Amino acid sequence: MSQGNAAVFVAEIGEAGRLRDAAHLVSWAGLTPKHRESDTKVRRGPITKQSSGLVRWAAVEAAQKIPASAGWLVSSCARIAERRGRNIATVATARKLLTLVYYGLRDGRIRALALAQAAA
């Protein structure tokens, strides 16, 4: 992730403690799929695009430019792309990145990255 994207995340998200969990950040950024339900009929659609377009753009941009050194994230994106297509895989990876950003802002470190580096 570039420094420009990191600056966008810090400036737009602000204090991570105001959000209950990472899922709320992803939803706030508009990267969750639409889900409409009535009785037994369920319709799932494209991402909601609610709220901050700048955070959504930065997350998708960062997901498209993941370095090969992020092995588990790259392999996860490749698996999803095989099944669902490249665009859906990019958005799913952007959701994972925003989850990591949330924990980085909240805790000051990202435990998943530390575990991945220790395993390598």
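In strand E2, Val42 is the bridge partner of Glu37. Keep in mind as you look at this pair that the model is predicted.

What do E1 and E2 form together? They make a hairpin, with 2 residues between the strands. Look for Asp39 in the turn, where phi is positive, at about 55 degrees. Strand E2 (residues 41–47) is hardly covered by the rest of the model, and the count of buried residues among its 7 residues is 0.

## The chain as a whole

Now let us step back. The chain has 6 helices along with its 2 strands. If you read along the sequence, the order is α-α-β-β-α-α-α-α.

How does the radius of gyration of the chain agree with that of a compact globule? A compact globule of 120 residues would have a value near 14 Å, and the chain has 15 Å, so the two agree. Along its principal axes, the C-alpha trace spans about 45 × 35 × 25 Å.

Contacts tell you how the chain folds back on itself. Taking the contacts with a separation of 6 or more, 55% are between residues 24 or more positions apart.

## Surface and charge

Of the 120 residues, 29% count as buried. The accessible surface of the chain comes to about 7,700 Å², and carbon and sulfur atoms make up 52% of that surface.

There are 19 positive and 8 negative charges in the chain, and their mean positions are 5 Å apart.

Start with Thr93, which sits in helix H5 (residues 86–107). Is Thr93 buried or exposed? Its relative accessibility is 1%, and buried means under 20%, so Thr93 counts as buried. Leaving out residues up to four places away in sequence, Thr93 touches Ala63, Ile66, Leu73 and Cys77.

Next, find Ile80 in helix H4 (residues 71–84). Ile80 has a relative accessible area of 14%, and so this residue is buried too. Again leaving out residues up to four places away in sequence, the residues Ile80 touches are Gly85, Ile88, Ala89, Ala92 and Lys96.

Note on methods
Residues numbered from 1 in each chain as written. Predicted model: local features only at pLDDT ≥ 70, side-chain atom pairs only at ≥ 80, totals over all residues. Heavy atoms only, no water. Helix = DSSP H or I, 4+ residues; strand = E, 2+ residues; numbered from the N terminus. Buried < 20%, exposed > 50% of the residue type's maximum accessible area, 1.4 Å probe, protein only. Contact = heavy atoms within 4.5 Å. Rg over C-alpha atoms; globule rule 2.2 N^0.38 Å. Areas by Shrake-Rupley, 256 points an atom, 1.4 Å probe, with all protein chains shown as cover. Lys, Arg positive; Asp, Glu negative; His and termini not counted. Charge placed at Lys NZ, Arg CZ, Asp CG, Glu CD. Pairing = 2+ DSSP bridges.
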